[in-house]
Amino acid sequence: MSRKGSGLAGRLSKLRQRFGIAAPKVSVRTHVPWYLRWLGLAVILAFSAALAAWMYDAGRRFAGFDRSEVEQELSSARGELAKVRGELDRLSAAANAADSKLSIERTAQQKLAQQIRSLEQDNARLREELAIFESMLSSDTAAAAPLSVLRFKVEPDVLPGEFRYRILLLASGPRRGRDFQGRLELVVSLTEDGRSAMITIPGQAEADSSTFRLAFKYFQRIDGIFRVNPKAKVASVQVRVYETGSAEPKVTRSVAPE
């Protein structure tokens, strides 16, 4: 009996330890699937982000910054920029058209100026020929000089230091109708670097040039160009007409450049 009693007492002691007051605590947990736990976590994070964005926007509005207002101003600025660009394109097109029109008008003016110069030259030539014919028909030609410079003109040409000369020689009186053979010479008086100088045209190298030879019965027109240092100032030009075989000029005449 003693063994049975001790054994029973031991089992009772174990039962009291498992199910009695001194028994260990047991927690009961409900099993939740893993995807529901992740979904809940995502919802919490989304809510937190939305709350943070709302608080950030509320803070900016409280500080005087309104995103919608800024976007509206930005949109308005873009619209104004588009209008300005359109106006710039229109003005550029108008300017190009004006430049083209101006270029056409400038070309037309240049052609008109050339025509005017040509007409002026023709008019001067006709006046010269008229003067020649009037001189030939004049009753005083018998007493006139046998050779004269009817017209002599010197003027600056296109390039610096370049001058154009125009000469009209007339045979009259006893010389008329007879062949005149000779040459032409120009003496240019100028000032360069404060010093006076004289240049004879043609020089030794051009003495036999056909440009300065003369051969006519009634009249001869000479048109040419001479060049000096662009820094020099031409004071006067003298034309000398020599007959073949004579060392003295038959006629001379001096003019200042126009």
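Me: In what order do the elements run from the N terminus on?

Reply: The order is α-α-α-β-β-β-β-β-β-β-β, that is, three helices and eight strands. Helices (H or I, at least four residues) and strands (E, at least two) are DSSP runs, numbered from the N terminus. This is a predicted model, in which local features need pLDDT of at least 70 and side-chain atom pairs count only at pLDDT 80 or more, while totals for chains, interfaces and linings use all residues. Residues are numbered from 1 along each chain as its sequence is written, and side-chain values use heavy atoms, with hydrogens and water left out.

Me: How much of the protein is buried?

Reply: Of its 258 residues, 20% count as buried, meaning under 20% relative accessible area, with exposed over 50% and partly exposed in between (1.4 Å probe, protein chains only).

Me: Which residues have the most contacts inside the largest nonpolar core?

Reply: They are F152, Y165, I167, L186 and F226, in a core of 28 residues. Strands 1, 2, 3, 5, 6, 7 and 8 each supply at least two residues of this core. A nonpolar core is a set of buried Ala, Val, Leu, Ile, Met, Phe, Trp, Tyr and Cys residues joined through side-chain atoms within 4.5 Å.

Me: What is I167 in contact with, leaving aside neighbours within four places in sequence?

Reply: I167 is in contact with V149, R151, F152, L184, L186, Q220, R221, I222 and V239; contact means heavy atoms within 4.5 Å.

Me: Changing topic, what is the volume of the largest pocket?

Reply: The volume is about 410 Å³. A pocket is an open set of points on a 1 Å grid over the protein atoms alone, where a 1.4 Å probe fits, with protein on both sides within 12 Å along at least five of seven lines; lining residues have an atom within 4 Å of a point. The volume is the space filled by probe spheres set on the points, which are joined across faces, edges and corners.

Me: And which lining residues are closest to its centre?

Reply: Of the 17 lining residues, these are E120, Q121, A124, R151 and R166. Helix 3 (67-137) supplies the largest share of the lining, eight residues.

Me: How do the lining residues divide by type?

Reply: Four are nonpolar, two polar and 11 charged. Ala, Val, Leu, Ile, Met, Phe, Trp, Tyr, Cys and Pro count as nonpolar, Asp, Glu, Lys and Arg as charged, and the others, Gly among them, as polar.

Me: Lastly, where is R125?

Reply: R125 is in helix 3 and is partly exposed, with a relative accessible area of 33%. R125 and R221 are 96 residues apart in sequence and 9.5 Å apart in space, C-alpha to C-alpha.
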